[in-house]
Amino acid sequence: MEKIFYIFLACAFAGLLFYIHLLRRQVRRLGRLTRFYYRVSSSLGLMTVGYDVSRDTATLSPDCAQLFHLPEELPQFSRTREAARADASHPLHPVVLCLGAFSDDVPYQYLRRGEAPRRFLLKSFVLKDEEGRPYYLLGVFRDVTRQANKEAWLVARAQFDGLTRVHNSGATRSWMREHIGRPRADGTRGGLLFLLDVDHFKGVNDTLGHQGGDRALICVANALRQAFAGRGFLGRLGGDEFIAYLEAGTPDDAEAIARAIHAHARRLGREAGLSIDLTVSIGCALLAGEDYEAAYKRADRALYAAKEQGRNTHVILPADEARERKRDAQERKERP
């Protein structure tokens, strides 16, 4: 009887060893399948993060962990989840955001000092048991950086002048019609509208050739950038004609900007190696609520006056306050 017991015990032990062997094979096979899944996902621009509710553990795919500088396994995940959700600088913020993105394709941009920005679309899914209780969350990061950069490039190409990199004619006129003359949030209107062109530009092309003319246009565009110092809207209407708009400003501001454009244009022309003195004529209209067409006519009149005075100068037209008072009175009359 004792012999039979030991035989049974040996058989049970052998069966257990065999089961463990099969289990280890299955685990290895599961590991290979998991790695294969991660490789395929990565090639499709996908990164995954999962959250096991019962274990309170989040698991990141290797490329996801590498990108966000996190371990692949995050135990006791619920302890830091609320803090990470409220703080965009928290290391776990993108993970928490992804696991909570149950609506369609939530956009997310990941920024980290010293690294190029990455853009993602986030989506998550919840798995529930038979009683409707969630037991696993799966989040997916879909990398759309390349697509977003291409779209941004196409938008820039459609809106910006290829030579000077200021807004092109179509984008400029569209923006000006939409913004000039519209009341702002504080109820104010007006602004400063500048028109300018290169003095004797045909002679510049004849003297320096078209490549020299292109360099002159680039210098003028850069002179505008430096004079406006990141403010306002800059555009090229075509040929050597440029336009710029500043939402608010005084006559002193207009004078200072016009003088700065003259100085920067001459300096940049010399630095670009142009053999001529690069000068511009500038017309500026102080606006009092006119729409774009009326504002353009006033600035164009000022530009013409600058040319009549011998070029390489500027003329500033004061605001037409009478027109503004008349328009305000008409608006008050039309109100119910």
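Predicted model: local features only at pLDDT ≥ 70, side-chain atom pairs only at ≥ 80, totals over all residues.

Reader: How many helices and strands does the protein chain have, and what makes a stretch count as one?

Author: Helices are DSSP runs of H or I with at least four residues, strands are runs of E with at least two, and both are numbered from the N terminus. By that rule the protein chain has 10 helices and 11 strands.

Reader: In what order do the strands of the mixed sheet stand, and what makes two strands a pair?

Author: Two strands pair if DSSP finds at least two bridges between them. The order in this open sheet of five strands is β8-β9-β7-β10-β11. Strands β7 and β10 are antiparallel and share eight bridges, with Leu195 opposite Gly283 in β10. Strands β7 and β9 are also antiparallel, over six bridges; Phe194 has Ala244 of β9 as its bridge partner. By contrast, β10 (residues 280-287) and β11 run parallel and are joined by four bridges, where Gly283 is partnered by Val315. Each of these pairs therefore meets the requirement of at least two bridges.

Reader: Why are β8 and β11 called edge strands of that sheet?

Author: Strands β8 (233-238) and β11 (314-317) each have a single partner strand, so one side of each is left without a neighbour in the sheet.

Reader: How do you know that helix α6 packs on the sheet?

Author: Contact means heavy atoms within 4.5 Å. Helix α6 (residues 169-179) touches β7 (191-198), β8 and β9 (241-246), and its direction makes about 125 degrees with that of β8. Such angles run from 0 to 180 degrees between N-to-C directions, along lines fitted to C-alpha atoms, for helices over the stretch in contact. Helix α8 (residues 251-271) lies across β7, β9, β10 and β11, at about 165 degrees to β10.

Reader: Which hand has the crossover from β10 to β11?

Author: A right-handed crossover is one whose path, from the first strand over the helix to the second, runs clockwise when the strands point away from the viewer. The path from β10 through helix α9 (residues 292-308) to β11 is left-handed.

Reader: What makes β7 a mostly covered strand?

Author: A residue is buried under 20% relative accessible area, exposed over 50% and partly exposed in between (1.4 Å probe, protein chains only). In β7, eight of its eight residues are buried. Gly191, Leu193, Leu195 and Asp197 point one way, while Leu192, Phe194, Leu196 and Val198 point the other. In a regular strand the side chains alternate between the two faces of the sheet.

Reader: Which residues have the most contacts inside the largest nonpolar core, and what makes a set of residues a core?

Author: A nonpolar core consists of buried Ala, Val, Leu, Ile, Met, Phe, Trp, Tyr and Cys residues joined through side-chain atoms within 4.5 Å. The largest one has 32 residues, and the most contacts inside it belong to Phe194, Leu196, Leu224, Phe228, Phe242 and Ile261. Two or more residues come from each of β7, α7 (201-228), β9, α8 and β10, and α7 gives the most, with 11. Beyond its neighbours within four places in sequence, Ile261 is in contact with residues including Leu196, Leu224, Phe228 and Val280. A second, separate core has 25 residues, among them Leu60 and Cys64.

Reader: Where does the antiparallel sheet place its strands?

Author: Its six strands follow the order β3-β2-β1-β6-β5-β4 in an open sheet. Strands β3 and β4 (106-110) are at the edges, because each has a single partner strand. Nine bridges join β5 (residues 118-128) to β6 (residues 134-143), and Val126 stands opposite Leu137 in β6.

Notes
Residues numbered from 1 in each chain as written. Heavy atoms only, no water.
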